[in-house]
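User: I'm new to this one. Can you walk me through it?
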Amino acid sequence: MARTYRALAALLSYPTEAMRAAVPEIAAALEAEAMLPEASRTALAALLRDFAAQDIYALQERYVDLFDRGRAVSLHLFEHVHGESRDRGQAMADLIGLYAQHGLEMAPGELPDFLPLFLEFLSLLPEAEAQALLAEPAAILRALAGRLAARDAGYAAVMEAVATLARAPATGASAIPDEDPDDLAALDAAWEEAAVRFGPGEALDGCGTDRLRTRLRAATRDAAAA
């Protein structure tokens, strides 16, 4: 599944000329591994044709308008878990440690909970371990797939493919409320800096998959209850 994870990571990354040049390779990887259902591969093939045909600046504008205008479809997983609380910083520190244990080096300025980077990391793991880790934020992935379906069918196809690999439930959950991307007042409110909560944190020592899973599972329960 390594090439499929990398292909999906590329499709969820900011569009570049290099990514456009790799469209045939991405398409070939998805078909060669055939880890996704035929319907998913067909939807992704349509998006790849669109990427190949569109002007690069139009693709970049589309990406920014979709992912940078609000937080509802943020590709930073822990934002859907912890918001801007102190717990998010600790969770990211844990994830950085996990990446380092497997030899993944982050570029300057990268945040570890960025979904394309997380997918790249999964491509380095044994299949069973990768699938187990991807399943932890499954409810968040389902929420993102649903929200993208209302905004952009092409990127929705990518997130639906990721949710499929995660065996996501029918109902999603996110700590970030959905929003109307055309409601500028709501977008301003969503981007207001959240208050940092100080106080006792989780008494979990060390970093690793168990601690990350505990945080993700707790956040999914909290979001679903909300």
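Analyst: We'll take a helix pair, then the core, then a loop residue. Keep in mind that this is a predicted model.

User: At what angle do α1 and α8 pack?
Analyst: About 165°, with their axes 8 Å apart. Helix α1 covers residues 2–11 and helix α8 covers residues 115–122.

User: Parallel or antiparallel, then?
Analyst: Roughly antiparallel, because an angle over 145 degrees counts that way. The crossing of α1 past α8 is left-handed.

User: Which residues meet there?
Analyst: From α1, Tyr5, Arg6, Leu8 and Ala9. From α8, Pro116, Leu119, Glu120 and Leu122. Six of the contact residues are nonpolar, two are charged and none is polar.

User: Switching to the core. How many residues are in the largest nonpolar one?
Analyst: It has 59 residues. Leu119, Leu122 and Leu134 have the most contacts inside it.

User: Which helix gives the largest share?
Analyst: Helix α11, residues 153–165, with nine residues.

User: What does Leu122 touch, sequence neighbours aside?
Analyst: Beyond four places in sequence, Leu122 contacts Tyr5, Ala130, Leu133 and Leu134.

User: Now the loop. Where is Ala72?
Analyst: Ala72 lies in the loop between α5 (56–67) and α6 (79–82).

User: Is Ala72 buried or exposed?
Analyst: Buried, because its relative accessibility is 1% and the cut-off is under 20%.

User: And what is Ala72 in contact with?
Analyst: Leaving out neighbours within four places, its contacts include His80, Leu144, Arg147, Arg151 and Ile176. Pro177, Asp178 and Glu179 are also in contact with Ala72.

User: How far apart are Ala72 and Leu144?
Analyst: They are 72 residues apart in sequence, but 7.8 Å apart in space, C-alpha to C-alpha.

Methods. Residues numbered from 1 in each chain as written. Predicted model: local features only at pLDDT ≥ 70, side-chain atom pairs only at ≥ 80, totals over all residues. Heavy atoms only, no water. Axes fitted to C-alpha atoms, helices over the stretch in contact; angles between N-to-C directions. Helix = DSSP H or I, 4+ residues; strand = E, 2+ residues; numbered from the N terminus. Parallel < 35°, antiparallel > 145°, perpendicular 65-115°, else oblique. Left-handed = near helix turned anticlockwise from the far one by under 90°. Contact = heavy atoms within 4.5 Å. Nonpolar A, V, L, I, M, F, W, Y, C, P; charged D, E, K, R; others polar. Core = buried A, V, L, I, M, F, W, Y, C linked by side-chain atoms within 4.5 Å. Buried < 20%, exposed > 50% of the residue type's maximum accessible area, 1.4 Å probe, protein only.
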